[in-house]
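Biologist: I have just opened this entry and would like to go through a few parts of it with you. Could you put it on the screen?

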Amino acid sequence: MKTYRYPFFFRAIAVALLLLLGSVGASQAQSTPDSVDQLVQSAMQQLRIPGLQLAVVRHGQIVKLGNYGVANVQDSVPVTTQTRFFLNSITKAFVGVAVMQLVEAGKLDVGAPVGRYLPELPAAWHPVTVRQLLTHTSGLPDIMPEDALVTENNEKAAWAQVQTQPLDFAAGQKFAYNQTNYLLLGQLIDKLSGQPFAEFIHQRQFQVVGMPRTTSGDAHDVLLHGARGYTFTRYIDGQPRRGKEMRNLFEVFPPSLRAAAGMSSTAEEMARWLVALQQGKLLQPASLTTLWTAGRLNDGSERGFGGKLTGYALGWPTVTRPEHPAVAPVGGGRSAVFLYPKDDLAIVVLTNLQGASPERFIDALAACYLPDMRVADGFGLPPTLRALHRTLRQRGFANLEEEVKKARRKDAAYALPEDAVNAWGYSLVEQDKLTDALAVFRLNARLYPTSANTYDSLAETYAALGNKKLATQHYTRALALNPNNRTAAAYLKQP
């Protein structure tokens, strides 16, 4: 699995990003609200998002609410402030808060083995800590491997089956996003709170904040003012393909897995929840530090989804970077919440399109309020890469290896971490600068010739540029280094 992966249909958003960011100059104190609307509407047009809801929180106040497009394409129902959107895995952030509420009550220790609280689990699972469940570093087998469908009809059988499986890896060895983790956290909350986790969260969070439109359920439930879900993805021979035709999306979250995904809400209520969280109405300030600290692997490193999402804390993906770090719950490839603690800013974007992945453009929205967040200047890159990025913007990326050699002659300790270089390459992909990205991925493959990930990224870029020969060559190398690389295997099966 790639550490940083940006599907190439997101390239289109770069146009909107660069148009906006080009207008946000360093001398400009703050963009007008119209700039936010412009960016949102451009993103919706480029990514074909039917409906979107926006909320912006600044200095503890909701400063902007926006409703765009349609909640229901078939009946032309517009998005309004009352429209509810599925949150998908953003639900996990609420679970993280619930866990910390139990910690504050003295009922739970996140560093303790889960076997202390759930002794009925398989013996091999007992040493896994609660924190490792929250941060997806448990190594437990996934109840939904390769997105297998689990419903009300088969959830008991799926739960019985997953308990017979061996660990995927030793706890703390890797990051692997896994729904079993949150199923267990739901069980943990049930037991320690003395009530079903959905009721505990409703009572201790929704009622405290005032969130009457935030509920738990799935597509089987009648959801008043609920947005319909859509996708452009269809599966051909088991492989996802993005097509031209919009399709209905039917989302099912069986009760046992609703701690992983199963909530619906509005942008305004999500914004209200963020304000309450930061103002100490749900947790003490010290608990927020724990909640938002990314988990670490046994080797001390952070791991997360990749791309902007570099780590994973207690139900909250994190964006670890020198400037404007963020915590950023995302859900279903359709909705995202970015909270910038140091900047006292939060942005909520909810959509009804699977594949919209607004985490790709939320930083651009934030740039309307924090003008120094400029993608074109290498924003979000580590200082070493940012300096290199700026030099190459002037000299051209064809001079990348020459600049690296020059830097190494000056400083023998000069190093370029693999993950950071890969992220740099995909930031260029976002800006539709594929040739420049290719230079970065080539460098990474030379620096790390035994990494399957570097060849995978290189192959993907060649494929996007239409060079099937070199894409095949590098996917073959990636598959040889990692036989479990499904993307490479799928590409090589194509005629």
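Biologist: Let's start with a strand pair: which residue in β13 does V330 stand opposite?

Modeller: V330 stands opposite A336 in β13. Please keep in mind throughout that this is a predicted model. The strand that pairs with β13 here is β12, residues 330-331, and the two run antiparallel, joined by 2 bridges.

Biologist: How many residues sit between those two strands, and which one takes a positive phi?

Modeller: The hairpin of β12 and β13 has 3 residues between the strands, and G332 takes a positive phi near 65°.

Biologist: What about the pairing of β13 with β14, parallel or antiparallel?

Modeller: β13 and strand β14, residues 345-351, run antiparallel and are joined by 5 bridges. One of the pairs to look at is Y340, whose bridge partner in β14 is L345. These two strands also form a hairpin, with 4 residues between them, and D344 in the turn has a positive phi of about 55°.

Biologist: Changing topic, which residues of α12 are buried?

Modeller: L400, E403, V404 and A407 are buried in α12. Seen down the axis of α12, these buried residues fall within an arc of 100°, so they line one face of the helix. As background, an α-helix has 3.6 residues a turn, so residues three or four places apart point the same way.

Biologist: Which exposed residues are on the face turned away from that?

Modeller: The face of α12 turned away from the buried side carries K405 and R409, which are exposed.

Biologist: At what angle do α12 and α14 pack?

Modeller: Helix α12, residues 400-410, packs with helix α14, residues 434-447, at an angle of about 50°, and their axes are 10 Å apart. Because of that angle, α12 is oblique to α14. On the α12 side, the contact is made by L400, E401, V404 and R408, and on the α14 side by A439, V440, L443, R446 and L447.

Biologist: How many of those contact residues are nonpolar, polar or charged?

Modeller: The residues of the contact of α12 with α14 divide into 6 nonpolar and 3 charged, with no polar ones.

Biologist: Back to phi angles for a moment: where is H225, and what is its phi?

Modeller: H225 is found in the loop between β5 (215-216) and β6 (229-236). Its phi is positive, about 60°, although H225 is not a glycine. Most residues other than glycine have a negative phi. S357 is not a glycine either, and has a positive phi of about 40°. That residue lies in the loop between β15 (353-354) and α10 (362-366).

Biologist: Is S357 buried or exposed?

Modeller: S357 has a relative accessible area of 7%, and buried means under 20%, so S357 is buried.

Biologist: One last thing, what is the strand order in the open sheet of 3 strands?

Modeller: The order is β4-β8-β5, with antiparallel pairing. β4 (85-86) and β5 are the edge strands, each pairing on one side only. β4 pairs with strand β8, residues 263-265, over 2 bridges in the antiparallel sense, and the bridge partner of F86 in β8 is S264.

Conventions:
Residues are numbered from 1 along each chain as its sequence is written. This is a predicted model: local features need pLDDT of at least 70, side-chain atom pairs count only at pLDDT 80 or more; totals for chains, interfaces and linings use all residues. Side-chain values use heavy atoms; hydrogens and water are left out. Axes are lines fitted to C-alpha atoms, for helices over the stretch in contact, and angles run from 0 to 180 degrees between N-to-C directions. Angles under 35 degrees count as roughly parallel, over 145 as roughly antiparallel, 65 to 115 as roughly perpendicular and the rest as oblique. Contact means heavy atoms within 4.5 Å. Ala, Val, Leu, Ile, Met, Phe, Trp, Tyr, Cys and Pro count as nonpolar, Asp, Glu, Lys and Arg as charged, and the others, Gly among them, as polar. Buried means under 20% relative accessible area, exposed over 50%, partly exposed in between (1.4 Å probe, protein chains only). The arc is that of the directions from the helix axis to the C-beta atoms. Two strands pair if DSSP finds at least two bridges between them.
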